[in-house]
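Student: I would like to learn how to read a structure feature by feature. Could we go through one together?
Tutor: Gladly; have the sequence and the model open beside us.

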Amino acid sequence: MPSVLASTCTVTGPTIIDVHGQINSIQDRCAYSLFSTPLLPDFLVLGNFRDRRRKDVSFLDSVTLRVDGHDIHLEQGGRVQMDDSTLTLSSSSQLVHGVQLSKDQTGVTAKLSLSNLIISVFFDGNTAQILLEGPAGSSVEGLCGNSSRSLSDLRLSEYSSTSCEMQYSETADSTINCTSVTERCNLLKEAHFSSCNTDIDPEPYITACTDTLCKYPAVDGLNCQFLKAYARACSLHNHTLDGWTSKTGCSSEAFCQDRTCSDHEFCGEKTVGGDTRCFCRDIFASKYQEINSLGDPTVCMQDSASVTLVGCLLEDKDINYSALHLNDPTCRGQVDKLTDMVTFSFNSSNRCGTVVTTNNSYVIYKNTIRSQNYSFDVITRNAQVQIDFSCVHSQPSIHTATFRIRDCSVAQKISCGAWNYTLIIKAYTDAGWTQVVQLNSQVRLNQRIWVELETNGLDGSMVTVVRDSCWATNQASPTSSPRHDLIINAVRTLLT
């Protein structure tokens, strides 16, 4: 096809280098339209930007292809999802809704081929490159095109979180040497890269490199990310850059390939050039760090309690969740593989060493998450963990049940209590507990009545209800005088 023109758009870090070599930068954590063309109205490529180690720098986190009403998500670690299903890919192409999907050690490629149009989308978890091969003059819309529309017009709210537009300001990282960073980025104009400079302008890539790495530490593969993005853009235009990887100390393989993290995490390096693991995103972690917490508040139910810790926060402190347990060492945390959250719990069937105490106002259930062989008296290389958590239920407050004694002007009161879980008092005029005394009922002076206390929702194996005191007054207030004690300190008395 002699009239075919190849156009390339590169999205790396927070920067978009469009098909005309112009750059744009994303400052928030929203989803944006990257690429569409009138030649294919039912096709859209969008990018989702997220934070990592800093709140004020966003990175391309995933790419979504919208094809004929279906979403194909290219995600971190080389994971690909079609709608809600995870796809297993290899170097051999797999056709999904007209899109050829393949995966190798460098990343994932999605290719759509028509009679006069080829669109190829590559994503390695950090950089996306979109190649359009079509008739000369083919229009490109979205951030990859020369669009006059504002960023807000290209923001896709249906793919974005509600607070994604919020922007943050943080203090500069004093450990970053911007001069050294600039020298590193300028390698794109030197040997091993210069042969491509006439076809692919290195300046937008250098700008993207310096703007990002003068604010954000060169970790997690970023030291090579922008160089790699330029080298691949060159290869898309038939320029082979021999020796650039050995010269720069970089690898052509995708960073953190096949390591997937939860939505609130990203894959990064434990040490520069070392092993990788999942780290908490800074905005997510900050809400816990502000209150010096490793997890969410305790969840208290009627007969159970649980507390959930954040896996990546535990790893930040070199705490191995599998070495943690409750007071009962057999009670250990359960990990949600999707969220990387660790939950510890107890209930009425398995108390896990829970200690129940009471005072005048509360019933307190207390347990502790602790590390194995926890002791303050032993010097150890491992982190010592003791996290107390508890549930508190209110003791009963005093309420009254009222009935009037016939032929007497004295209104008697019987006190009763209502716990959070329900404490019911009932009075009966017969020993068979069938004739209930109602509010408007009248009883005779010296008539015998039977009073029943019934609880609903209490765990009898953990809590015992004790009749501590009971009294009657001749006024509507339980604190009025005179007071006639029926039970004092759980001992029954005679009503005088």
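Student: Which handedness does the link of C185 and C209 have about the S-S bond?
Tutor: The link of C185 and C209 is left-handed, with -70 degrees about the S-S bond. A word on the source: this is a predicted model, where local features need pLDDT of at least 70 and side-chain atom pairs count only at pLDDT 80 or more, while totals for chains, interfaces and linings use all residues. Residues are numbered from 1 along each chain as its sequence is written, and side-chain values use heavy atoms, with hydrogens and water left out.

Student: What counts as a disulfide, and how far apart are the sulfur atoms of C185 and C209?
Tutor: A disulfide is a pair of cysteine sulfur atoms within 2.5 Å. The sulfur atoms of C185 and C209 are 1.9 Å apart. C185 lies in helix α2 and C209 in helix α3, so this pair ties together parts that are 24 residues apart in sequence. Helices (H or I, at least four residues) and strands (E, at least two) are DSSP runs, numbered from the N terminus. Both cysteines, C185 and C209, are buried; buried means under 20% relative accessible area, exposed over 50%, and partly exposed in between (1.4 Å probe, protein chains only).

Student: How many disulfides does this rule give?
Tutor: The count comes to 11 disulfides. Among them is the one that joins C178 to C214, with an S to S distance of 1.8 Å. The link of C178 and C214 is right-handed, with 80 degrees about the S-S bond. C178 lies in helix α2 and C214 in the loop between α3 and α4 (222–236), so the pair connects parts that are 36 residues apart in sequence. C178 is partly exposed at 35% relative accessible area, and C214 is partly exposed at 24%.

Student: Which cysteine does C300 join?
Tutor: C300 is joined to C391 by a disulfide, S to S 1.9 Å. This link is left-handed, with -100 degrees about the S-S bond. C300 lies in strand β17 (residues 299–300) and C391 in strand β24 (residues 386–394), so the pair ties together parts that are 91 residues apart in sequence. C300 counts as partly exposed at 36% relative accessibility, whereas C391 is buried at 3%.

Student: Let us turn to rings. How many aromatic pairs does a search of the whole structure find?
Tutor: The general idea is that rings of Phe, Tyr and Trp (its six-membered ring) pair if their centres lie within 6.5 Å; planes under 30 degrees apart count as stacked, over 60 as edge-to-face and the rest as tilted. A search of the whole structure finds 9 such pairs. One of them is the tilted pair of F193 and W244, 5.7 Å centre to centre with 55 degrees between the planes. F193 lies in the loop between α2 (178–185) and α3 (203–213) and W244 in helix α5 (residues 244–248), so the pair ties together parts that are 51 residues apart in sequence. F193 counts as buried at 1% relative accessibility, and W244 counts as buried at 8%. Ring pairs also link F193, Y205, Y230 and W244 into a cluster.

Student: Which residue lies over the face of F122?
Tutor: A charge sits over a ring if NZ of Lys or CZ of Arg is within 6 Å of the ring centre and within 35 degrees of the ring normal. R232 lies over the face of F122, at 3.6 Å from the ring centre. R483 lies over the face of W471, at 3.8 Å from the ring centre.

Student: In which sense do β15 and β16 pair?
Tutor: Two strands pair if DSSP finds at least two bridges between them. Strand β15 (residues 265–269) and β16 pair in the antiparallel sense over 5 bridges, and C278 in β16 is the bridge partner of C267. The two strands form a hairpin with 6 residues between them, and G273 in the turn has a positive phi of about 75 degrees. In β16 (residues 276–280), 4 of the 5 residues are buried, so this strand is largely enclosed by the rest of the structure.
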